[in-house]
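Dear colleague,

Please find below the structure that I am handing over to you. My findings follow it, and I would be grateful if you read them with the model open.

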Amino acid sequence: MKKEDNILSKCGNRMPFTVPEGYFDNLTENIMAALPEQTVQKKQPRIITPWKRVMPYIYAAAAFIGVLFFVRVASYETTDMDHSLAQEEDVYYSDEYIDSFFETAMIDDYTLYYSFIDFN
Amino acid sequence: MLHKDEQSRRRAFESIVQANSEQLYWHIRQMVLNHDDANDILQNTFIKAWTNIDSFQANSKISTWLYRIAINETLTFINKQRNITSIDIDDPDIGVGDRLESDPYFDGNETERQLQEAIATLPEKQRMVFNMKYFEEMKYEEISDILGTSVGALKASFHLAVKKIEEFFNKID
């Protein structure tokens with residue numbers, strides 16, 4: 001036996017309330033009469049001007065040009081750097097050139113030694 | 001709502017009122033006990049529903065949506081009443097039993113009046129769950145949809161309410 005059954009057997013589950021006579025007969029009518037006016041918002045037709053029509057294409061073209069410009073600048077910088085690196089790599093001095101340089105440079109071994117330290 | 005003009009919207013809404021007003025009335029009445037208060041809250045419920053009909057999500061039942069509005073309106077009313085009673089020192093709080101005794105639209109016997117007194121001692125949410133289950137004989141799943149509370153929590157709430165009501169009767173017996 002459920003606990004609520006004790007209450008049920010004692011009191012039942014009838015709602016012990018009444019309403020004025022004819023209350024439910026006129027309820028819908030009364031409720032409807034109390035409703036405020038409701039302004040129905042009509043959808044305004046969308047006006048599409050020629051400018052609005054071409055705008056997406058203009059945006060797309062601008063974006064495309066922007067991308068092209070970026071790619072161009074980036075590739076230019078890369079090429080420049082590659083050249084300078086290549087140039088650095090291409091520098092080559094023959095042993096004969098170096099020997100003759102030091103022979104005619106009028107510098108002693110001490111100065112030469114320190115010039116290497118400085119370079120490093 | 002799919003209806004475009006005011007007239008057809010009103011006609012559609014009228015059928016909603018027709019189908020739901022009586023059940024909602026009894027739900028509200030059970031909470032506030034007084035007919036005039038229940039009538040006012042019911043009117044406000046439908047005015048709210050009418051002015052916010054566009055926000056109704058079609059994935060839930062219209063009756064569930066109306067129940068939610070009615071519950072909010074009822075709780076707002078009860079809180080307002082409580083504030084008025086607590087600040088008005090000239091009008092001392094009259095017990096539920098006395099109020100029902102002098103109410104021409106209460107036709108219950110002594111035990112039914114005591115049951116109403118016992119229910120009035122419950123917290124609002126518990127009272128609501130008890131009324132929906134005990135008087136309106138709603139399923140826990142339906143109550144869960146309306147109140148947004150899990151079935152387990154509702155069962156616990158109902159059993160706690162039953163226990164308190166039994167204790168109330170034990171005291172007066």
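This is a predicted model: local features need pLDDT of at least 70, side-chain atom pairs count only at pLDDT 80 or more; totals for chains, interfaces and linings use all residues.

Chain A holds five helices and zero strands. Read from the N terminus, its elements follow the order α-α-α-α-α. Of its 120 residues, 4% count as buried.

I turn next to the contact between the two chains. Chain B contributes 32 residues to this contact, and chain A contributes 22 residues. On the side of chain B that touches chain A, the elements that give two or more residues are α1 (6–32), α2 (35–51), α5 (110–120) and α8 (151–172) of chain B. The largest share of that side, 10 residues, is supplied by α1(B). Sorted by class, the side of chain B that touches chain A is made up of 12 nonpolar, nine polar and 11 charged residues.

Within chain B, a pair of helices deserves a description of its own. Two packed helices are described by the angle between their axes and the distance between the axes. Helix α7 (residues 140–147) of chain B packs with α8(B) at an angle of about 105°, and their axes are 9 Å apart. Angles of 65 to 115 degrees count as roughly perpendicular, and α7(B) and α8(B) are therefore roughly perpendicular to each other. From α7(B), the residues B:Y140, B:E141, B:I143 and B:S144 meet B:V151, B:L154 and B:K155 of α8(B). By class, this contact of α7(B) with α8(B) has four nonpolar, one polar and two charged residues.

Two loop residues of chain B complete the findings. Most residues other than glycine have a negative phi. B:L33, however, has a phi near 70°, a positive value in a residue other than glycine. This residue is placed in the loop between α1 and α2 of chain B. Is B:L33 buried or exposed? A residue counts as buried if 20 or more other C-beta atoms lie within 10 Å of its own; B:L33 has 20 other C-beta atoms within 10 Å and is therefore buried.

B:E137 also has a positive phi, near 50°, and is likewise a residue other than glycine. Its place is the loop between α6 (124–134) and α7 of chain B. The cut-off for an exposed residue is 12 or fewer such atoms; B:E137 has 8 other C-beta atoms within 10 Å, so B:E137 is exposed.

Yours sincerely

Key
Residues are numbered from 1 along each chain as its sequence is written. Chains are lettered from A and ligands numbered from 1 in the order in which they are written. Two residues are in contact if their C-beta atoms, placed from the backbone, lie within 7 Å. Helices (H or I, at least four residues) and strands (E, at least two) are DSSP runs, numbered from the N terminus. Ala, Val, Leu, Ile, Met, Phe, Trp, Tyr, Cys and Pro count as nonpolar, Asp, Glu, Lys and Arg as charged, and the others, Gly among them, as polar. Axes are lines fitted to C-alpha atoms, for helices over the stretch in contact, and angles run from 0 to 180 degrees between N-to-C directions. Angles under 35 degrees count as roughly parallel, over 145 as roughly antiparallel, 65 to 115 as roughly perpendicular and the rest as oblique.
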